[in-house]
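Dear colleague,

Please find the structure below, handed over for your own work. My findings come after it.

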Amino acid sequence: MFWEQKVQVAVETHIGLRRKNNEDSACFQLCQDEEQWRKRGHLFVVADGMGGHAVGELASRIAIETLPHAFFKTTEKDVRSTLQEAVTTANEAIYQRGSTNEDFLHMGTTCTSLTLCPRGAMIAHVGDSRAYRVRRDRIDQLTFDHSLEWELERRNQSLIGVVDMSKHRNIITRSLGPEANVEVDIEGPYPVIPGDTFVLCTDGLSNQVTDEEIGAIARELSPSRAAKLLIHLANVRGGPDNSTVIVARVGDLPANVQPVYVEEEIDDTINLDWSWFIGFSVAALALVSGLWMLLFNHPTKGAITTVIAVIGFLALAIGAYRKQRELLASTADDSQLTKFLRPHRTAVCLDSKNLCELLSAIEIDLRRAAQEDGWSVNWKEHKNALEGAGRAVQEKRYSRGVRNFANAIGEIMDEHPIRSGN
């Protein structure tokens, strides 16, 4: 990424329709000069507090105040180490505050932070708030949910038929604040190309809006419009929790720089020395010999030789895999690490036509509810947006239709009886 690539960013947060206070917090800080950017990069943070009442709100607020300060005040260390230490510092601040008052004991918060720096996109993450990257027609989840459901999936364990996971989906296994020490996941650096859009959000949004919908909305709309529509959708679907989102889009390259389009696939090439080649050759020779003896009246010797050859192949394959994993874990070179990075989950975004149809159906239901309950909607502006959407769909200009439907929905939702919380 280059300093000259401007970043458009928007933040939206809402209390939801069933909560009495907003325990979510978010912030971002764009570097004001090239020197600061080269040392640190632009920073974006979302946090979802836990503990009820003002406790969770306090925890998330401490996180977004402490983390940026700790991140930007240190310039001697590399971005990866500094980002991890900044999150750890935030954990210490929350833990110490909680230890001084019984009412605040064990308060906590999720925390997902993203920096866009010369090496690309780097993420520090604790909890189940998420960071996504939207690139063309694909949305990649770059963070692992520290939740009971995801942890069980990672360990190939299942509680189907034992525990109703729908009632335990929001149980998180890691957060900032409750304990003196916390394990922080560091993801990246991921390559960044022009037009990449990054979405950071709390689970109040991701539980109500699918990855495919998030990706399509972030792709089709400007960051400010996308952020607003995503919050509206979370509330349209019940708004059971606070919802917060940051949408950041990376701009074009400088005129004198040619774009480089990065292939996302892992480089599976395993660089092994001659001893491995000799080992595989001996195993192959033993396998051929075993099969030959099986075919020409030496069944016992042939069977033994074949089994030994197969075991040898398996041992060599396992050894080669472990060697490559050790290489990945031990290398400190970001360009080498980048070759092995995969998102934790990937989905194909809705196409523009399907997104139009989805938003049209939502708008119809919303309009009916607003008219029946007498909301103070600016119906003139709403009508103009709706008519524009209709013309765009007829002309099969679905991207324009998405923008108009988003405006029509916004005109209604901005006048929802419970609309405060920003």
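The model is predicted, so local features need pLDDT of at least 70 and side-chain atom pairs count only at pLDDT 80 or more, while totals for chains, interfaces and linings use all residues. Residues are numbered from 1 along each chain as its sequence is written, and side-chain values use heavy atoms, with hydrogens and water left out.

Whole chain

The chain has 13 helices and 12 strands; these are DSSP runs numbered from the N terminus, helices being H or I with at least four residues and strands being E with at least two. Of its 422 residues, 47% count as buried (under 20% relative accessible area, with exposed over 50% and partly exposed in between, for a 1.4 Å probe and protein chains only). The accessible surface comes to about 21,400 Å², and carbon and sulfur atoms hold 52% of that surface (Shrake-Rupley method, 1.4 Å probe; for residues, only the protein chains shown count as cover). Among contacts (heavy atoms within 4.5 Å) with a separation of 6 or more, 74% join residues 24 or more positions apart.

Helix 11

Helix 11 comprises residues 352-373, and its 22 residues reach 31 Å from the first C-alpha to the last, close to the 32 Å expected at 1.5 Å a residue (the expected span is 1.5 Å times one less than the number of residues). Its buried residues are Ser-352, Leu-355, Cys-356, Leu-359, Ile-362, Glu-363, Leu-366 and Ala-370. They lie on the same side of helix 11 because they cover an arc of only 135 degrees around the axis, taken from the directions from the helix axis to the C-beta atoms. In general, an α-helix has 3.6 residues a turn, so residues three or four places apart point the same way. The buried residues of helix 11 pack against helix 6 (211-220), helix 7 (223-236), helix 12 (379-394) and helix 13 (398-413). At the start of helix 11, a side-chain oxygen of Asp-351 comes within 3.2 Å of the backbone nitrogen of Lys-353. Just after helix 11, Gly-374 has a positive phi of about 70 degrees.

Helix 7

Helix 7 is mostly covered, with 10 of its 14 residues buried. Its end C-alpha atoms are 20 Å apart, which agrees with the 20 Å that 14 residues should span at 1.5 Å a residue. The packing partners of its buried residues are strand 1 (7-14), helix 5 (203-206), helix 6, strand 11 (243-250), helix 11 and helix 13. Asn-235 belongs to helix 7 and counts as buried because its relative accessibility is 4%. Leaving aside residues up to four places away in sequence, Asn-235 touches His-14, Gly-16, Leu-17 and Met-413. Just after helix 7, Gly-238 takes a positive phi of about 115 degrees.

Strand 5

In strand 5 (residues 111-117), seven of seven residues are buried. Cys-111, Ser-113, Thr-115 and Cys-117 point one way, and Thr-112, Leu-114 and Leu-116 the other way. Strand 5 pairs in the antiparallel sense with strand 3 (residues 42-50) over five bridges (pairing requires that DSSP finds at least two bridges), and Leu-43 stands opposite Thr-115. Strand 5 also pairs in the antiparallel sense with strand 6 (residues 120-126), over seven bridges, where Ser-113 stands opposite Ala-124. Strands 5 and 6 form a hairpin with two residues between them.

Yours sincerely

Note on methods
Polar contact = N/O pair within 3.5 Å; in protein donor to acceptor, adjacent residues only side chain to side chain.
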